[in-house]
Amino acid sequence: MSTTLPPSLAAIASCVNGYDPDALPIDQAREFIDRLVPRLQTTESVPLRSALGRVLARDIVSGIDVPAHDNSAMDGYALYGTDLRADGDTVLQVVGSGLAGEAFHGTVQPGQCVRIMTGAVMPAGLDTVIPQEFVRQQGDDIAIPAGVLRAGDNRRLAGEDLARGEPALSAGRVLRPADIGMLASLGQGEVPVRRRLRVAFFSTGSELRSIGETLDEGCVYDSNRYTLWCMLQRLGVDVIDMGVVHDDEAALREAFGRAAADADVVITSGGVSVGEADYTKKVMADLGDVLFWKIAMRPGRPMAIGRIGEAILFGLPGNPVAVMVTFYALVRDALLAMSGATPQVLPLLRCVSPRPIRKKPGRTEFQRAIVSRADDGNWHVSVTGSQGSGILRSMSQANGLLVLGHDKGNIEAGELVDVLPFDGLL
């Protein structure tokens with residue numbers, strides 16, 4: 001991905017003020033990761049209908065006026081604004097009609113008007129449209145009551161959406177449905193985008209079983225791969241699911257080597273905690289330049305970060321909730337940045353906490369929460385019971401994450417708190 005030699009992890013760490021891998025605030029972890037990850041440069045051109053969710057590779061400038069002509073915003077009658085009377089009815093003669101795609105090309109004199117449909121080109125010189133429901137028919141004439149219309153009303157101007165030569169979209173934008181529609185309005189059938197980021201991931205642990213396998217005593221089904229797969233799908237990356245890798249040094253070496261060769265990013269779950277009785281941390285350290293962090297966050301304290309070959313490595317905790325929270329807190333934005341996307345700060349919703357919440361300063365906490373509209377008209381938030389990092393049901397029941405900042409202490413009843421809504425994220 002890069003032709004220049006990237007800085008070592010030690011060099012990156014030296015640029016982060018107060019860096020301490022054994023007690024790393026989440027903001028410092030984010031700063032480190034932002035310095036670590038490269039940005040994709042390879043681009044490709046894709047059909048417009050294949051561009052949804054892709055990262056725009058270059059600025060798009062409008063080559064035409066949108067709309068191309070002044071046109072009507074209403075079904076009604078096009079007229080001269082100067083004909084409108086302030087002291088009584090304005091009576092106008094109807095001399096023709098204009099439809100969308102079939103413009104009226106005749107001459108319109110003062111005191112005359114043209115029947116017109118929404119989107120139809122405004123006849124030459126006419127600058128105002130009266131909606132049909134405001135007029136009275138009088139044979140071939142219409143009568144407009146005084147005071148219901150001002151000159152210039154209900155006319156869309158040529159280029160008011162986009163003018164020729166005006167920037168339409170900026171490089172780095174993750175294309176949304178409205179963006180696709182706007183590109184279509186410019187007649188653009190192909191879109192320049194960054195190539196998709198390739199992400200390989202697997203779970204580690206001899207106790208894990210894949211769906212369909214026999215669940216032996218002491219074993220659990222691997223849920224992390226399914227949540228990770230879904231979270232990655234939302235980011236529009238190419239996903240390589242490498243399954244479960246058991247605690248076998250040779251198998252782990254082969255998996256890490258294959259993942260690093262095939263992908264830009266390698267994500268693992270499990271095997272990075274202090275005292276883990278497996279080979280994951282050893283193999284990571286042997287194969288790459290890797291740091292092991294204790295992040296001041298809950299859930300999700302242990303994490304590995306680094307490089308194996310040219311691939312970026314994210315070693316996430318093994319507990320299901322910790323995997324999801326760590327991904328959204330630290331990995332999601334990194335993957336978007338690598339994809340070439342312009343950073344977008346996720347909006348937080350300010351909510352009332354009806355009950356007190358215990359919180360120790362010195363770490364960022366993400367509590368699973370349910371946000372609802374209360375009788376007082378405010379958004380209220382409550383946690384989903386037990387907040388253990390292995391209780392995945394708490395994430396399923398929640399519709400957001402209650403975010404309690406690093407320096408925050410106990411929350412009093414009635415205090416406002418920040419919530420990261422799941423809608424559009426999960």
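Start with everything selected: of the 426 residues of the protein chain, 44% count as buried, where buried means under 20% relative accessible area with a 1.4 Å probe, protein chains only. What you have loaded is a predicted model, in which local features need pLDDT of at least 70, side-chain atom pairs count only at pLDDT 80 or more, and totals for chains, interfaces and linings use all residues. Residues are numbered from 1 along each chain as its sequence is written, and side-chain values use heavy atoms, leaving out hydrogens and water.

Zoom out. The C-alpha atoms fill a box of roughly 90 × 55 × 50 Å along the principal axes. The chain has a radius of gyration of 30 Å, while a compact globule of 426 residues would be near 22 Å (taken over C-alpha atoms; the globule rule is 2.2 Å times the number of residues to the power 0.38).

Next, colour by domain, with bounds from an automatic or database domain assignment: domain 1 (9–41 + 196–339), domain 2 (44–65 + 175–194), domain 3 (71–156) and domain 4 (349–421). Keep domains 1 and 4 on screen; their C-alpha centres are 26 Å apart. Where they meet, 15 residues of domain 1 are in contact with 15 residues of domain 4, contact meaning heavy atoms within 4.5 Å.

Now select I267, F314, F327 and L335. These have the most contacts inside the largest nonpolar core, which has 52 residues. Such a core is a set of buried Ala, Val, Leu, Ile, Met, Phe, Trp, Tyr and Cys residues joined through side-chain atoms within 4.5 Å. Helix α7 (residues 320–338) gives the most to this core, with 13 residues; helices here are DSSP runs of H or I, at least four residues, numbered from the N terminus. Both domain 1 and domain 4 supply at least three residues to the core. Centre on L335: leaving aside neighbours within four places in sequence, L335 is in contact with L197, L232, L235, V265, I267, F314 and F327. For a second, separate core of 19 residues, pick V245, V290, A304 and A311, which are among its members.

Last stop: S394, in helix α8 (residues 393–397). Is S394 buried or exposed? It's buried, with a relative accessible area of 1%. Show its side chain, which reaches the backbone oxygen of I391 at 2.6 Å (a polar contact is a pair of N or O atoms within 3.5 Å; within protein, one must be able to donate a hydrogen and the other to accept it, and residues adjacent in sequence count only if both atoms are side-chain atoms).

Key
Helices (H or I, at least four residues) and strands (E, at least two) are DSSP runs, numbered from the N terminus. Buried means under 20% relative accessible area, exposed over 50%, partly exposed in between (1.4 Å probe, protein chains only).
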